[in-house]
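Please read this short report with the sequence and the 3D structure side by side. Take the residues one by one.

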Amino acid sequence: MTTILVCRQPSGPPPGSTPHTPCTMPPSTASAKRLPASIWALGFVSLLMDVSSEMIHSLLPVFLVTTLGVSMLAVGLIEGAAEATALMLKVFSGVLSDWWGRRKPLAVLGYGLGALSKPLFAIAPTVGLVVTARLIDRVGKGIRGAPRDALVADLAPPNMRGAAFGLRQSLDTVGAFLGPLLAMGLMLLWANDFRAVFWVAVIPAALCVALLLVGVREPERAASAVRTNPIRRENLRRLGGAYWWVVALGAVFTLARFSEAFLVLRVQQGGLPLAWTPLVLVLMNVVFALGAYPLGKLADSTRHTTLLAWGLVVLIAADALLAFSDRGAAAWLGIALWGLHMAMTQGLLATMVADTAPADLRGTAFGMFNLVSGVALLVASGLAGLLWDQLGASATFGAGMLFATLALVGVLVQSARRGRAPKPPVPQG
């Protein structure tokens with residue numbers, strides 16, 4: 001029986017250009033109804049790395065303030081600079097993965113750097129080495145992020161991209177609450193020994209890299225496919241207005257959603273004991289994990305702007321509760337709503353990037369999206385820390401409400417312009 005390769009040409013290439021046209025095996029009817037095993041493996045890779053990272057990050061703000069004596073502004077700048085570094089680097093790794101035509105090697109490098117950074121937290125005697133370790137960890141995240149997201153889009157059937165991103169995000173978030181839960185148990189067991197907990201975090205990071213090496217298979221591409229520079233002007237023009245609207249919206253979302261370190265500090269300010277502070281991220285991420293996959297599937301069959309609008313309403317409610325209280329039911333409900341907002345919007349924004357970008361520019365598209373979001377995150381976390389130091393925690397969460405409201409207005413205006421038009425067709429490939 002003859003096997004036929006199906007080559008799909010991205011729509012709208014400029015005259016004279018020679019874009020990379022991916023050639024893939026057509027999925028069977030059975031395989032089109034379920035997600036590939038490599039997507040599940042990528043999800044568990046994310047789970048293991050998040051167990052490791054969140055064991056450290058759930059304790060790091062309190063470690064910096066109580067053990068190393070840094071200010072709230074410094075916490076905001078450290079967190080903002082670390083996360084912005086990761087997001088900005090995604091543009092370069094995304095472009096490289098498109099030009100090279102390979103995603104997995106960059107993902108291995110990125111996860112490997114993340115694993116190598118973990119012992120540095122355990123041995124850090126001063127804030128300088130903590131910052132160094134945090135930046136190395138985030139450099140690794142920046143290198144792996146866009147190629148991994150593009151690989152998910154490459155592997156998933158086009159009509160299941162929302163489910164694929166939701167699944168990966170859900171498993172990632174399971175790790176994000178298992179990590180703080182494990183950290184909390186070890187802090188109680190070992191009498192608040194931060195450094196001992198940081199050493200344990202090395203183990204799941206190493207397992208993550210091993211699973212990526214043996215468990216993820218990158219889809220084959222045609223050997224004759226022509227490679228071009230993804231950031232040539234004629235290629236960038238193929239990232240149309242719908243894509244750039246998603247980029248702008250993602251930036252405003254990021255301004256409204258500063259670092260989760262401030263959630264931890266908010267309830268710690270309200271009297272939560274040190275050993276119990278990881279419970280903040282446990283609750284947030286349990287809600288996030290439970291909601292990410294079903295809401296991702298919902299995104300495959302409903303209007304994106306509707307889900308985005310409701311996600312912003314939930315974020316506004318979370319900010320209002322946290323501005324009002326730092327303890328009790330109000331504060332914990334605010335944290336839970338923060339996690340629900342993340343479940344409603346994070347996989348959805350990734351799906352929107354994949355849907356609005358040509359197949360051969362997906363790495364670049366995710367990279368550009370995260371570059372803009374990285375700048376916004378640096379501004380947001382620095383501003384959040386400054387407002388906290390100068391005006392108090394309520395001002396920080398009040399500013400989050402303001403930016404979330406601006407984003408909501410933008411989504412509603414865009415939805416009104418599109419009227420009742422159906423969702424655009426999902427690009428093939």
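Helix 11 (residues 261–269) is largely enclosed by the rest of the structure, because seven of its nine residues are buried. Buried means under 20% relative accessible area, exposed means over 50%, and partly exposed lies in between (1.4 Å probe, protein chains only). The buried residues of helix 11 are Ala 261, Phe 262, Leu 263, Val 264, Leu 265, Arg 266 and Val 267. Helices are DSSP runs of H or I with at least four residues, strands are runs of E with at least two, and both are numbered from the N terminus. After helix 11 comes Gly 271, whose phi is positive, near 110°.

This is a predicted model: local features need pLDDT of at least 70, side-chain atom pairs count only at pLDDT 80 or more, and totals for chains, interfaces and linings use all residues. Residues are numbered from 1 along each chain as its sequence is written, and side-chain values use heavy atoms, with hydrogens and water left out.

**The chain as a whole**

The protein chain has 16 helices and two strands. Of its 429 residues, 57% are buried. Take the contacts (heavy atoms within 4.5 Å) between residues at least 6 apart in sequence: 84% of them join residues at least 24 apart. The chain exposes about 16,800 Å², and carbon and sulfur atoms supply 69% of that area. Accessible areas come from the Shrake-Rupley method with a 1.4 Å probe; for residues, only the protein chains shown count as cover.

**Arg 266 and its surroundings**

Ser 325 sits in the loop between helix 13 and helix 14 (328–356). Ser 325 touches Arg 266, Ala 330 and Ala 331, leaving aside residues up to four places away in sequence. Ser 325 and Arg 266 are 59 residues apart in sequence, yet their C-alpha atoms are 8.7 Å apart.

Asp 319 belongs to helix 13 (residues 304–324). Which side chain of opposite charge is nearest to Asp 319? It is Arg 266, 9.5 Å away. Lys and Arg count as positive, Asp and Glu as negative; His and the chain ends are not counted. Asp 319 is buried yet has no salt bridge, meaning a side-chain nitrogen of Lys or Arg within 4 Å of a carboxyl oxygen of Asp or Glu. Beyond four places in sequence, the residues that Asp 319 touches include Ala 256, Phe 258 and Trp 338.

**Helix 10**

Ala 256 is one of the buried residues of helix 10, as are Tyr 243 and Trp 245. At 1.5 Å a residue, the 16 residues of helix 10 (residues 241–256) should span 22 Å. The expected span is 1.5 Å times one less than the number of residues. The end C-alpha atoms of helix 10 are 23 Å apart, which agrees.

| Residue | Relative accessibility | Class |
|---|---|---|
| Gly 166 | 1% | buried |
| Ser 117 | 0% | buried |
| Ser 325 | 11% | buried |
| Trp 99 | 47% | partly exposed |

Gly 166 is in helix 6 (residues 161–189). Gly 166 touches Ala 292, Tyr 293 and Gly 296, not counting residues up to four places away in sequence. Its C-alpha atom is 9.1 Å from that of Ala 289, 123 residues apart along the chain.

Ser 117 is in helix 4 (residues 104–123).

Trp 99 lies in helix 3 (residues 72–100).
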